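Biologist: I'm new to this one. Can you put it on screen and walk me through it?

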Amino acid sequence: MVAKDLDKYLKAGKNCYIAIGLEGSANKLAVGVIKHFPGQLSLENRAVVLANIRDTYNAPPGEGFLPRDTARHHRNWVVRLVKQALLEAKIGSKDLDCICFTQGPGMGAPLNTVSVAARCISVMWNIPLVGVNHCVGHIEMGREITGADNPVVLYVSGGNTQVIAYSNQRYRIFGETLDIAVGNCLDRFARTLQISNSPSPGYNIEQLAKKGKNFVSLPYTVKGMDMSMSGILAYIDEIAKDILKGNKSKKARIDNDIEVTVEDLCFSLQETLFSMLVEVTERAMAHVGSKEVLIVGGVGCNLRLQEMMGIMASERGGSVFATDERFCIDNGIMIAHAGLLSYRTGHTTSLKDSVCTQRFRTDEVFVAWR
């Protein structure tokens, strides 16, 4: 990244750039404020997080979050979070260079709610808009925080599962899920188990998996560089329902003398899904000749996934980069950061082009800042 190239479209004499980012593609509403120092190129000095706040809509146990309920939550909280972020950042609206918002992918109603809020404050404050691809936001935030140079990216969340690498100013998708995302698979299994959605279903499954001791054989579905997870979910759901009813499942392929527990199922599901992810990621590393893996997205917080990926990477003489829940889980700062990078190359989004799309592919974005 070369600062003079990023800033060639902007007025001379500006010593920093500040953006606010609004994220609301799923059940998390988040607002972040970031400051860029264009003259400093080292990763630790290039950007400063001024505010990073979030509020999550959680459905009752056994239920998923519906678009209309999630959108209602976002409408109720967005003004408060914008005000809180500006107070925390100790800035006013006049200090902002651009307003960044998630343009997709995600759930339609929540996306539209947040984009309307972004358009309103853009018009009210007369500040340009920048639409951001949610996936690219995760990648750029991960690169910024960890210092990963040119890694293979494993993007794993509730709505997305992709293995990505950069080439010729695009983030190219090397492999992805053919049906449901890994986070969605974990979330739906949590509903079957009727466990809490707070702080997140995936986190609660991770804690149960730590207590699991017996591995239950599950379908392992890798097709070339792609994965399928819906069949695994259907299979393990049947076993779980038998266990919850007090019956012994005929599909639990372990010693007949061992009683399978819910904890065993959580352990087995994680091990199977994460093994698939590690396999595809390793092939992508071999293909592009990379020794770095960057894990981003909400599921990237899972310590077992990081551990398994770390074992694979170390055997190849490489390393794994990941962030904690502040930057791994959907957040506004990643939208502000990616949006500000785009803005500094001269890109803005007009009001007529600021509509959201639920299917905004990662490789559709022209990465002008790299």
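Biologist: Which residue's side chain does E140 meet in a salt bridge?
Modeller: The partner of E140 is R143, at 2.7 Å from N to O. A salt bridge here is a side-chain nitrogen of Lys or Arg within 4 Å of a carboxyl oxygen of Asp or Glu. This is a predicted model, where local features need pLDDT of at least 70, side-chain atom pairs count only at pLDDT 80 or more, and totals for chains, interfaces and linings use all residues. Residues are numbered from 1 along each chain as its sequence is written, and side-chain values use heavy atoms, with hydrogens and water left out.

Biologist: How far apart are E140 and R143 in helix α5?
Modeller: Three residues, so about one helical turn separates them. Helices (H or I, at least four residues) and strands (E, at least two) are DSSP runs, numbered from the N terminus.

Biologist: Are E140 and R143 buried or exposed?
Modeller: E140 is buried, and R143 is too. Buried means under 20% relative accessible area, exposed over 50%, and partly exposed in between (1.4 Å probe, protein chains only).

Biologist: How many salt bridges are there by this rule?
Modeller: The count is 11. One of them joins D324 to R326, with the closest N and O atoms 2.9 Å apart. D324 is partly exposed at 35% relative accessible area, and R326 is partly exposed at 45%. Elsewhere, salt bridges with shared partners join R68, D69 and R72 into one network. Within it, the side chains of D69 and R68 meet at 4.0 Å, N to O. D69 counts as buried at 18% relative accessibility, whereas R68 counts as exposed at 56%.

Biologist: New topic. Which residues does UniProt list for "binding site"?
Modeller: The unreviewed UniProt entry lists H134, H138, Y155 and D330. They spread over 197 residues of sequence but cluster in space, with a largest C-alpha distance of 12.0 Å. UniProt positions are in the numbering used here, feature names are shortened, and annotations may be inferred rather than shown by experiment.

Biologist: Where is H138 found?
Modeller: In helix α5, residues 134-146. H138 is buried, with a relative accessible area of 1%.

Biologist: What does H138 touch?
Modeller: Leaving out residues up to four places away in sequence, its contacts include Y155, F327, D330 and M334. Contact means heavy atoms within 4.5 Å.

Biologist: And where does D330 lie?
Modeller: D330 is in the loop between α11 (325-328) and α12 (332-343). D330 counts as buried, at 11% relative accessibility. Beyond four places in sequence, D330 touches residues including E23, R54, H134 and H138.

Biologist: What about the rings? How many aromatic pairs does a search of the whole structure find?
Modeller: Two. In one, the rings of F215 and F267 have centres 6.4 Å apart and planes at 90 degrees, so the pair is edge-to-face. It links distant parts of the chain: F215 is in the loop between α7 (201-209) and β9 (222-223), F267 is in helix α9 (residues 262-288), and they are 52 residues apart. Rings of Phe, Tyr and Trp (its six-membered ring) pair if their centres lie within 6.5 Å; planes under 30 degrees apart count as stacked, over 60 as edge-to-face and the rest as tilted.

Biologist: Which residue lies over the face of W77?
Modeller: R80, at 4.1 Å from the ring centre. R370 lies over the face of Y166, at 3.9 Å from the ring centre. The rule: NZ of Lys or CZ of Arg is within 6 Å of the ring centre and within 35 degrees of the ring normal.

Biologist: Back to α7. Why is α7 largely enclosed by the rest of the structure?
Modeller: Because seven of its nine residues are buried. Among them are P201, I205 and L208. The cover over the buried residues of α7 includes α6 (182-193), α9 and α10 (303-315).

Biologist: Last one. What is the mean pLDDT of the protein?
Modeller: The mean is 92, and 93% of residues reach 70 or more. pLDDT is the predictor's confidence in each residue, from 0 to 100. Over residues 40-44 pLDDT stays under 50, and the model has eight contacts for them beyond four places in sequence.
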